[in-house]
Amino acid sequence: PPLTCAAARRVATQHGKDGAASRAWDDIEKECRQKLEANKTAAAMRCLEGHFLDAREPGRRDGDWFTTLRKLRHDAEMFTWLEQERKVASEVKQLFRSVYHAAREQRQHQPDKVFEVAFNENTNDRKLWQRAHNKAVFIDPAGREAPKKTLRAANVVFRAVEESLAESGYAVVDRLLTEGTLKKLRRFLQASTFYFYPRRDQHLLALLEDGLASPL
């Protein structure tokens, strides 16, 4: 389909049709991408959210048995915090902490090397890992509803943002969101289990089409 929305046009202009950003755009589910291209943002977010839950809800599809030590540490810390918040069972925390501690000594010098986590067949630990690892175990409800007013920045700020994006592909905006929106966004990003992609520069990545999309 033709590039009708600003995001798609910018991807094509800055990175070319064969660039990484263009490929990422093409990887978005077609029906959701078409809504984005038609500037139907809310409908596109609901579409992406639905595809994410279909793929990542516990019990949907098979488990993911591959991870890295860095990713495993994040998961252990995440589930420890969620257990303290009473959002997951203690068994989830205990499983990920035990797997991390078992792997740490051997793999601490190669924290980004992918390895397979192996369990004996049909054990409770195996079933729990299958339901929890790289799954939407908990998605904070703060992302389900956007406040009536989300932006505090003036129109002149957005004109500067558009100019910066057109020139460099980057933009920095201070005090963009209202306090209520920022509070909800921080909670949504802090408490949701959608950080599935480890990067070698010591962080994990979440994708719009794989968890980040929400009404907020």
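This tour moves through the nonpolar cores and then a few salt bridges of a predicted model.

Local features here require pLDDT of at least 70 and side-chain atom pairs pLDDT 80 or more, while totals for chains, interfaces and linings use all residues. Residues are numbered from 1 along each chain as its sequence is written, and side-chain values use heavy atoms, with hydrogens and water left out.

Begin by selecting Leu72, Phe79, Phe96, Val99, Phe119 and Trp129, which have the most contacts inside the largest nonpolar core, a set of 21 residues. Such a core consists of buried Ala, Val, Leu, Ile, Met, Phe, Trp, Tyr and Cys residues joined through side-chain atoms within 4.5 Å, where buried means under 20% relative accessible area, exposed over 50% and partly exposed in between (1.4 Å probe, protein chains only). Next show α5 (69-84), α6 (90-107) and α7 (124-132), each of which supplies at least two residues of this core; helices are DSSP runs of H or I, at least four residues, numbered from the N terminus. Apart from this core lies another, of ten residues, including Ala136, Phe188, Tyr195 and Leu204.

Turn now to the salt bridges, which pair a side-chain nitrogen of Lys or Arg with a carboxyl oxygen of Asp or Glu within 4 Å, and which number ten by this rule. In helix α5, select Arg73 and Glu77, four residues apart, about one turn of the helix; their closest N and O atoms are 3.0 Å apart. Finally, select Asp54, Glu57 and Arg60, which are linked in a network of salt bridges; within this group Arg60 is partly exposed, at 36% relative accessibility.
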